[in-house]
Structures are given as structure tokens and as C-alpha cells.
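Subject: Structure handover

Hello,

Here is the structure I said I would pass on. Please open it beside this message and follow the notes below.

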Amino acid sequence: MQKDQLFTRRRMLLAGAAALGAAGTAGLVAAGGDGEAVRAAAPAPVAGPQARQALKSSAFRLQPLIGDGPPKAAPRKLKVRTEPILQISGRGRHMMLTFDDGPNPEYTPHILDTLARYDVRAMFFLCGECVVENKGLVARMADEGHVVGNHTWTHPLLTTLSRKEIKSEMGRTSDIIEKTYGEHPQWFRAPYGAWNRAAFQLGAAMDMEPMAWTVDTTDWEEPGTSTIIDRVESGAAPGVVVLSHDAGGDRSQTVQAIHEWLPYLLDSGYHLTVPPRRL
Ligand code: ZN
């Protein structure tokens with residue numbers, strides 16, 4: 001518990017400049033796409049699960065840290081979504097960068113170096129089997145204020161798996177992220193963007209929100225550095241979530257491209273952000 005708190009405090013200090021103040025996750029993240037998703041993001045009725053959650057969170061924050069209080073985490077229940085979150089609130093020209101499939105010893109350090117050079121925080125959706133081999137990179141992500149999410153253990157197509165197999169893929173990954181990053185992940189992303197009901201239900205049960213993306217750089221196709229740059233720059237808009245990959249193949253084009261599109265986004269007045277920690 002003490003170690004977790006240290007991790008949290010360190011991350012909060014480092015991420016301070018990029019954080020969005022006291023805005024809660026629900027305020028930052030807006031479901032995009034169709035009407036169904038937008039309705040899903042609307043405030044719940046007074047007696048709905050979100051209201052109950054708010055009460056529970058507040059109550060938990062008022063509990064003493066020592067003594068006869070409840071065990072270390074109060075029970076939390078996220079609403080089971082039927083669509084993943086596709087974009088964030090664009091207020092203040094915010095955008096979010098996400099990198100999937102790592103960490104990878106060859107490419108991830110270069111991406112972290114470039115993000116550090118421009119003082120930018122991003123999200124990394126990690127695969128458990130890569131975390132095992134690259135624990136130091138996950139610790140570096142924590143130290144440098146990045147947010148990590150769960151991208152399953154072996155990157156399978158979830159829609160072909162049993163519920164039990166999906167639970168294992170997601171649960172093992174959350175466990176190793178908690179050990180190496182210092183906090184339980186609050187976000188997950190289905191490999192290939194292939195979601196199903198079991199994934200939404202299990203994610204909510206594991207206290208994770210489903211995060212998709214708005215703009216795919218298609219870097220996984222290795223289309224050439226200039227194409228990747230063009231995809232990001234032409235897709236840039238308030239609220240956009242950009243998908244790139246720091247593993248899963250030859251990502252030298254991704255590494256090269258970010259040198260160009262990252263300063264372009266900053267020069268264009270975009271604020272690159274990560275979700276604030278949910279309490
Ligand atoms: Zn992936």
C-alpha cells in the first residue's frame with residue numbers, strides 16, 4: 001500500500017503539467033461515434049449507478065488511511081458499456097496519443113525519448129507477455145508520467161475466445177501491470193479493436209473502461225514514414241485519440257514519423273493529454 005502511494009504521488013507530480021486539473025474521468029472522456037455511445041456517456045439518473053459510485057468514491061476518500069477502515073479498496077462498479085470510448089473531450093484543443101502492443105526493447109525507448117523531449121505524456125496499451133520481458137520500460141513509463149492500459153496477455157482475437165479465456169488474458173495482464181507499473185490499469189483496449197459483450201463485462205468487473213481510437217496511423221501496415229505523418233497531421237482535431245504501435249513488427253517508421261508529427265501537433269496548438277486518475 002505504501003509503495004503504491006509512493007508510485008501514485010510520484011506520477012502525480014510528474015504528470016502535473018499535463019493533467020487536466022480536477023476534472024474527473026467522466027468529464028474528460030466522451031464517447032464518440034453514434035448516438036448509442038453518446039447516450040451511454042450521458043449523466044445517469046440520480047439513483048443510477050454513477051450517482052451511487054460518486055457517493056462511494058467520496059465516502060472512500062473521507063475514510064481514515066489507517067485504523068479500522070475498510071480494506072484497501074472500496075468496492076467499485078463501472079457501468080458495462082456496449083461501445084468503446086472513441087475520443088476524448090476536445091475542449092481546449094486536447095488530443096491523446098496511444099501506443100499499442102509493447103513494450104518493445106527496440107522501439108519503445110525511442111518513443112519515450114521523443115515524448116520526453118517534448119514533455120508530452122501518452123497512453124501505452126501493454127501486452128502482458130511483453131511486460132514480462134521489459135519490466136524496466138514499464139517502470140520508466142510510470143516514472144515519466146505516462147498512463148498504461150491493458151491490451152491482453154497474448155494479443156488474441158477476443159471474439160474467438162471463451163469467456164474464461166478472455167478473463168485470463170485480461171486478468172493476468174492487469175496483475176502484472178499492477179506489479180510493474182505500480183497501479184492497477186483503468187483502461188483496456190481489445191486487440192484489433194474486436195470487442196464483444198464478455199470483454200465489456202469483464203473489463204468493467206476489473207475496473208477498466210474500454211478505450212478505442214479515432215485516428216489509426218496504420219503504422220502496422222508499414223506504409224512508409226510520410227504516410228504515417230500524413231495520417232496523423234490530416235486526422236488531427238480536438239478530441240482525437242491517435243493509434244500507433246511501438247511493437248508487433250518493424251516499427252522504425254513509427255519511431256521516425258513521431259519526430260515530425262509530434263512537433264507539428266504542438267505547433268498547431270494541440271494539448272496532448274492523458275486521462276486523469278479515477279478515484
Ligand atoms: Zn494491438
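A contact here means heavy atoms within 4.5 Å. Leaving aside neighbours within four places in sequence, alanine 212 is in contact with Pro84, Ile85, Leu86, Arg189, Trp195 and Val241.

Some ground rules come before the rest. This is a predicted model, in which local features need pLDDT of at least 70 and side-chain atom pairs count only at pLDDT 80 or more, while totals for chains, interfaces and linings use all residues. Residues are numbered from 1 along each chain as its sequence is written, and side-chain values use heavy atoms, with hydrogens and water left out.

Confidence

pLDDT is the predictor's confidence in each residue, from 0 to 100. The chain has a mean pLDDT of 82, and 72% of its residues reach 70 or more. Over residues 1-27 the pLDDT stays under 50, and the model has 36 contacts beyond four places in sequence for them. Residues 30-70 are also below 50 in pLDDT, with 38 contacts in the model beyond near neighbours in sequence. Where pLDDT is low, the predicted coordinates should not be read in detail.

The chain as a whole

There are eleven helices and ten strands in the chain. Helices (H or I, at least four residues) and strands (E, at least two) are DSSP runs, numbered from the N terminus. Of the 279 residues in the chain, 48% are buried. Buried means under 20% relative accessible area, exposed means over 50%, and partly exposed is in between (1.4 Å probe, protein chains only). Among the contacts in the chain with a separation of 6 or more, 79% are between residues 24 or more positions apart.

Helix H5

Which residues of helix H5 are buried? In this helix, residues 108-117, they are Thr108, Ile111, Leu112, Thr114 and Leu115. They lie on the same side of H5 because they cover an arc of only 160° around the axis; the arc is that of the directions from the helix axis to the C-beta atoms. The cover over these buried residues includes strand E3 (94-100), strand E4 (123-126), helix H7 (135-143) and helix H11 (252-267).

Leucine 115, in helix H5, has a relative accessible area of 0%, so this residue counts as buried. Beyond four places in sequence, leucine 115 touches Leu97, Phe99, Val120, Ala122, Phe124, His146, Ile258 and Leu262. One of these, histidine 146, is 31 residues from leucine 115 in sequence, and the two are 9.6 Å apart in space, C-alpha to C-alpha.

Leucine 137 sits in helix H7 and is buried, at 12% relative accessibility. Not counting residues up to four places away in sequence, leucine 137 touches Pro103, Asn104, Pro105, Thr108, Pro109 and Leu112. Its C-alpha atom is 8.2 Å from that of asparagine 104, which is 33 residues away along the chain.

Backbone points to check

Most residues other than glycine have a negative phi, and most peptide bonds are trans. The loop between E3 and H5 holds aspartate 101 and proline 103. Aspartate 101 has a positive phi, near 85°, and is buried with a relative accessible area of 11%. The peptide bond from glycine 102 to proline 103 is cis, with omega near 0°. Just after H5, aspartate 119 has a positive phi of about 55°. Aspartate 207, in the loop between helix H9 (197-205) and strand E7 (209-210), has a positive phi of about 65° and is buried at 9% relative accessible area.

Back to alanine 212

Where is alanine 212? Alanine 212 lies in the loop between E7 and strand E8 (215-216). At 5% relative accessibility, alanine 212 is buried. Arginine 189 is 23 residues from alanine 212 in sequence and 6.1 Å from it in space, C-alpha to C-alpha.

Regards
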